[in-house]
Amino acid sequence: GLSVFRVFFLFVVRDTLLSLVASVQIVANEVVKVGDWIEMPKYGANGDVTNISLSIIKVQNFDKTISTIPTQAVLSESFRNWSSMHQSGGRRIKRSIFIDMNSIAICNDELQGELKQIESLKTYFDTDGKCGRRTPTNIGAFRTYIADYLKSVEHIHDEEGLRYIVRYLQPTPKGLPLEIYAFCNKTAWAPFELVQSEIMEHVLAVLPKFGLRVFQDLGAEA
């Protein structure tokens, strides 16, 4: 009985000491602070830190539920702290659409005539490219248009370290991914999602004007 008690006592003391050390390190190194937005899927946590105690960290999730994380876990396991995003003043937008590669083509005279009516595309059609004479394509015109469109979006950053870019990713069986990579100065969840949604809505709505199609796997839907 004494041996069992001794093991139990040592276990409790060890756990308490580890929690104490972890708590001190968290506070001293500012790993996590009250008010930080952290994400730790293992413990179902995705929200704001409301309390840091000796043994647990409480997180109020966005659905108003409460998750508790062992203090030691914050030092020994991976998690995401979004506080630096708020400090930088920019939250990342990283969205792709898959373009049907069968719809990519060189612009004929008719399409060029239509697209030249868009002010931001006049330079694209009237000047040579940086790598030599440009062959105007509907995908190139679309990329140029979206890059200029982002410049006009009120809440998109165009500052050093928070640039935006429109680029192609590696082609896949689902088409050519066109990625929008930008930073929004609205970091709160709802305003950020509104800006991001409006950008994607515009992108998808103007796509057909360029003779392009979004890839859709209709067989998978069936």
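Predicted model: local features only at pLDDT ≥ 70, side-chain atom pairs only at ≥ 80, totals over all residues.
Before you start: local features need pLDDT of at least 70, side-chain atom pairs count only at pLDDT 80 or more, and totals for chains, interfaces and linings use all residues. Residues are numbered from 1 along each chain as its sequence is written, and side-chain values use heavy atoms, with hydrogens and water left out.

**Stop 1: the main core.** Select Phe142, Ile156 and Ile199. These have the most contacts inside the largest nonpolar core, which has 34 residues. Such a core is a set of buried Ala, Val, Leu, Ile, Met, Phe, Trp, Tyr and Cys residues joined through side-chain atoms within 4.5 Å. Buried means under 20% relative accessible area (1.4 Å probe, protein chains only). Elements giving two or more residues include β6 (91–99), β8 (176–184) and α7 (189–206). Helix α6 gives the most, with seven residues. Helices are DSSP runs of H or I, at least four residues; strands are runs of E, at least two; both are numbered from the N terminus.

**Stop 2: Ile156.** Show its contacts (heavy atoms within 4.5 Å). Not counting residues up to four places away in sequence, Ile156 touches Ile93, Leu150, Tyr164, Ala182, Phe183, Cys184, Val195 and Ile199.

**Stop 3: Gln112.** Go to helix α4, where Gln112 sits. Gln112 counts as buried because its relative accessibility is 16%. Beyond four places in sequence, Gln112 touches Cys107, Phe125 and Pro136.

**Stop 4: the open sheet.** Five strands run in the order β4-β3-β2-β1-β5, with antiparallel pairing. Strands pair if DSSP finds at least two bridges between them. The edges are β4 (66–70) and β5 (80–81). Five bridges join β3 (residues 56–61) to β4. Select Val59: Ser67 in β4 stands opposite.

Methods: Buried < 20%, exposed > 50% of the residue type's maximum accessible area, 1.4 Å probe, protein only.
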